[in-house]
Amino acid sequence: MDELLELLKDVRDDVDFENCESLIDDGILASFDILQIIAAINEEFDVEIPATSIIPANFNSAKAMMALITKLQED
Amino acid sequence: MAFYSVAFFGFVLLFIILHDLVGEISPKNQWIVRLLAGLSFFVFLSGVRIVFVLVSALSVWDGARIIHKYDLKNKEMRKREGLSKDEKKAIKEKGQRAKRTYLLSIAGFNLLLLILVKYYLPVANHPIALPIGISFYTLMAVSYIVDVYGSKYEPEGNFVKVLLYLCWFPQLIQGPINRFDTVKDDLFSHHRLHAPDMRYAFYLFLFGAVKKYAIADLLAPIVNAALNNDSAAYPGSFALFGALMFAVQQYADFSGGIDMSIAVSLLFGVKMNENFRQPYFSTSLAQFWRRWHMTLGSWMRDYVFYPFVTLKPIADLNKAVSKRFGNHAGRSLIGGISNILVFALVGLWHGPEKHFLFWGLYNGIIIAASDALSPAFSKINTLLHIDPDGKGMYVFRIVRTFLIITFAGFFDVIGPVSVGIKCFINTAFHFMPSVGAGMIAQLFADGVTSVPAVVTAAVATVILIINSVSKERGRSPREYVCAQKFYVRWIICFSLIMILLYSFTVSSGIRGFMYAAF
């Protein structure tokens, strides 16, 4: 989780990723931020987030992103 | 077979009756009637070239199943006992690679088929008539196999069901580019004709027909007279007039046709994907593309833009540029490159002619530039004390976006790119309004158009604008009409029918749909 938070800070250092639960729904992250985050996660965690997983529910919070990563790693 | 033709009317009527009969006798098999309708429609229009859709359907049906099986097998292999973490990882990577190769070859095969008949053969001087709907169903086929690859849903086991997804007839003429997961339930289940659905379909079809025949077809001769290979010699005012008429014609033609397609599909219980959301109320060109031909835009986003931006080399480039020149530079560069790529493809999707590519690039470059310049724009706003969210700015943005789209018409309609550019220059430097007005008057004198035709188109356009404004404000004009007393409903309905019938009497000819050519 710390690894993820660090990676997120790299993309946007002005967002409270630790506590925010509505990154997408409240428009905090722009669509391009998400793509940057995906690219970083793919590299850092050695997974491949498919385009079909790019939905708000998966990116609304760091916790949700971590869940997606874990799921992809287990698959 | 056009929507207004006796043949189409007979075709739909026949299959609606058959559809309902089979639905009564054997609800489970009702979808087979839909399949028969799709196949007969295809053969009716494209004869033996039905082979193309059969091959596409077969390739993605089988490909998706193989990819899915691969996935399951790979998972099983990793579950074996005694494997170290690294061994598991190696198995997974091997599986991923094989899966990706398979995906790329199947998707590539389908795209190559499209490229062959749509681009290669015409350019090599061996044109064949395009199989109906190939530009639309090929993208649908690709989306299906990519979605299965990304585990969005499980593959369909039954080949003919995938075939029905690709050759469902209302979508073959000009889209929408449906997605498997959004239409499959409707496509394969049993439907009874319900009065409210029928009523909705009827209104939608009628309104779509008014757009198509009372606006688009009546404006077409004017557009053709103003925007053509000779336009370089016309005053800017006349070319701009043509482009404005084209902006109206294009929307009326395409959205009217889609309304009719969606309505016909509804008669069989199949809700297709929406393709328009009042696009001319967009406040930026990027937003316009999220509201115009939405199914093409979202296809490009999901299957070109996202995968491209998250490619490793692109992500690395982004990182390097962001580190050196800041985040904004990184995203402007990568976003810009991706947008230009996507819109070049959107342009080419319309056809092999150079002006389509140019038109796509025009869109892509403007979107990329407005992204890159956004900090400068907000600085200007602050300097001039402009409230970016104010009402004035909102209207200004809508008008600006509309003009950008209107100018794009020069490249969309006119074949030679150089003539399109000349129209641009003339609009800026050789506007000559009085000469333009004279040429417009001449259109009437020459019989290119007539006062009744223009008045009919104007009345229908006003109705269209009222409808769009009320939708834009979050109201539902359809529900409003349906909630009225029956005689009010009938007055509205008959007025639309009268406008439609009248438009046929003043029309210089019924035209096919513009987007059916793509």
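Is Arg12(A) buried, exposed or partly exposed? I opened my notebook with this one, keeping in mind that the model is predicted.

**Entry 1: Arg12(A)**
I counted 16 other C-beta atoms within 10 Å of Arg12(A), so I logged the residue as partly exposed, since buried needs 20 or more and exposed 12 or fewer. I then looked up its place, and found Arg12(A) in the loop between helix 1 (2–11) and helix 2 (31–45) of chain A. I also checked Asp33(A), which is 21 residues from Arg12(A) along the chain, and the two C-alpha atoms are separated by 7.7 Å.

**Entry 2: where chain B touches chain A**
Next I turned to the two chains, where 16 residues of chain B are in contact with 13 residues of chain A. On the chain B side, I noted helix 12 (294–309), helix 13 (312–325) and helix 14 (327–350) as the elements that give two or more residues. Helix 12 of chain B has the largest share, with five residues. Sorting this side by class, I got five nonpolar, six polar and five charged residues.

**Entry 3: the two domains of chain B**
I read the domain assignment of chain B as domain 1 (6–192) and domain 2 (197–517). Their C-alpha centres lie 29 Å apart. For the contacts, I found 28 residues of domain 1 against 23 residues of domain 2. Several helices of chain B each supply at least two residues of the domain 1 side, among them helix 1 (6–25) and helix 4 (85–123). Helix 5 of chain B gives the most to that side, with five residues. My class tally for the domain 1 side reads 15 nonpolar, nine polar and four charged residues.

Terms used: Residues are numbered from 1 along each chain as its sequence is written. Chains are lettered from A and ligands numbered from 1 in the order in which they are written. This is a predicted model: local features need pLDDT of at least 70, side-chain atom pairs count only at pLDDT 80 or more; totals for chains, interfaces and linings use all residues. Helices (H or I, at least four residues) and strands (E, at least two) are DSSP runs, numbered from the N terminus. Two residues are in contact if their C-beta atoms, placed from the backbone, lie within 7 Å. Ala, Val, Leu, Ile, Met, Phe, Trp, Tyr, Cys and Pro count as nonpolar, Asp, Glu, Lys and Arg as charged, and the others, Gly among them, as polar. Domain bounds come from an automatic or database domain assignment.
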